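Subject: Structure for you to look at

Dear colleague,

Here is the structure I promised to hand over, and below it I have set out what was found. Please read the notes with the model open beside you.

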Amino acid sequence: MPIDTSIDFVSINIVIITISDSRTIENDTSGDTLEKRIEESGHNMVKRTIIPDDVEKIKNTLESISKEKEVDCIITTGGTGLTGRDTTPEAVKEIASKQIDGFGELFRQISFEKIGTSAIQSRAVAALINSTYVFCLPGSTGACKDGWDEILKYQLDIRHRPCNFVEIMPRLNEK
């Protein structure tokens, strides 16, 4: 992926939310993976939290954090599967200003190359909530690696060409 080294890197502020009924900070390997990659890429992880698989809790948390001025992006891990408690996509869709449909499509394409038809079980989604980017990845460590290494690392780098999410951040509130 082309990186234009004539442009200065811009660090953004990212929140990680693990959505799980069973994860704790001690066993949250997916959150650990994202935190390491975010910091290695030069971004700021401003908060990391774990919340239960509960649609109202997810909506309230995303809504609240997306209104914090210092937060540019939220990355969630977990709750994107097919079981009864997996409600992250439903919560996001209810409060999203805009959906970023291509994210889930691209994520499943990348996953297909690695895990074959099992990729169809992923409901990874992305959206804007209150002009804050929200990317929802599955709860597996491998899925978080793929989501960051193959998509987010580039789209959250202002030097990525031909376009990226960071360069349009100042215009997200245009009317």
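A crossing of two helices is called left-handed if the near helix is turned anticlockwise from the far one by less than a right angle, and right-handed if clockwise. Helices here (H or I, at least four residues) and strands (E, at least two) are DSSP runs, numbered from the N terminus. By that convention, the crossing of helix 4 and helix 5 is right-handed.

Before going on, please note that this is a predicted model, in which local features need pLDDT of at least 70 and side-chain atom pairs count only at pLDDT 80 or more, while totals for chains, interfaces and linings use all residues. Residues are numbered from 1 along each chain as its sequence is written, and side-chain values use heavy atoms, with hydrogens and water left out.

Helix 4 and helix 5 pack at an angle of about 115°, and their axes are 10 Å apart; axes are lines fitted to C-alpha atoms, for helices over the stretch in contact, and angles run from 0 to 180 degrees between N-to-C directions.

Beyond its neighbours within four places in sequence, Ser 111 touches Gly 116 and Ala 119.

A nonpolar core is a set of buried Ala, Val, Leu, Ile, Met, Phe, Trp, Tyr and Cys residues joined through side-chain atoms within 4.5 Å. The largest one has 26 residues, and Ile 75, Phe 103, Phe 135, Leu 152 and Leu 156 have the most contacts inside it. Helix 5 supplies the largest share of this core, 5 residues. Apart from neighbours within four places in sequence, Leu 152 is in contact with Ile 75, Phe 103, Phe 135, Leu 137 and Gly 147. There is also a second, separate core of 17 residues, including Val 15 and Ala 91.

Finally, helix 2 (residues 55-66) and helix 3 (residues 88-95) pack at an angle of about 50°, with axes 9 Å apart, and the crossing of helix 2 and helix 3 is right-handed. Residues that make this contact include Ile 58 and Leu 62 of helix 2, together with Ala 91 and Ile 95 of helix 3.

With best wishes

Key. Buried < 20%, exposed > 50% of the residue type's maximum accessible area, 1.4 Å probe, protein only. Contact = heavy atoms within 4.5 Å.
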